[in-house]
Amino acid sequence: HGAQRAAEQGKGYPDVLEAELESLLDNTWGDTAKALFNNWLGLVYQLTNLDRRQQYMPGTDKSDPLGLRNGNPG
């Protein structure tokens, strides 16, 4: 294989290595990544004021908008 030849010659692995292995890999993190991003985006949406001139929704603690200091995120 191209990867073995490259290793024997002391060269970097060719770009085709990924294509050779892609069908063997199981993408187990995709759903988790989407959920994490969607949760983050939802939190940003909840905290962001619809009025673009104001940063946060009314009642949001500007020094701790995520509520991390009091142990109550969101």
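Is Phe37 buried, partly exposed or exposed? In this predicted model, where residues are numbered from 1 along each chain as its sequence is written, local features need a pLDDT of at least 70, side-chain atom pairs count only at pLDDT 80 or more, and totals for chains, interfaces and linings use all residues. Side-chain values use heavy atoms, with hydrogens and water left out.

Now for the overall layout. The chain has three helices and zero strands (DSSP runs, H or I of at least four residues for helices and E of at least two for strands, numbered from the N terminus), in the order α-α-α. Of its 74 residues, 14% count as buried (under 20% relative accessible area, with exposed being over 50% and partly exposed in between, using a 1.4 Å probe and protein chains only).

Back to Phe37, which sits in helix H3, residues 30-47. Its relative accessible area is 46%, so Phe37 is partly exposed. Trp40 lies in helix H3 too, three residues from Phe37, or about one turn of the helix. The count of aromatic pairs comes to one (ring centres of Phe, Tyr and Trp, the last by its six-membered ring, within 6.5 Å; stacked under 30 degrees between planes, edge-to-face over 60, the rest tilted). Phe37 and Trp40 form a tilted pair, 5.7 Å centre to centre with 40° between the planes.
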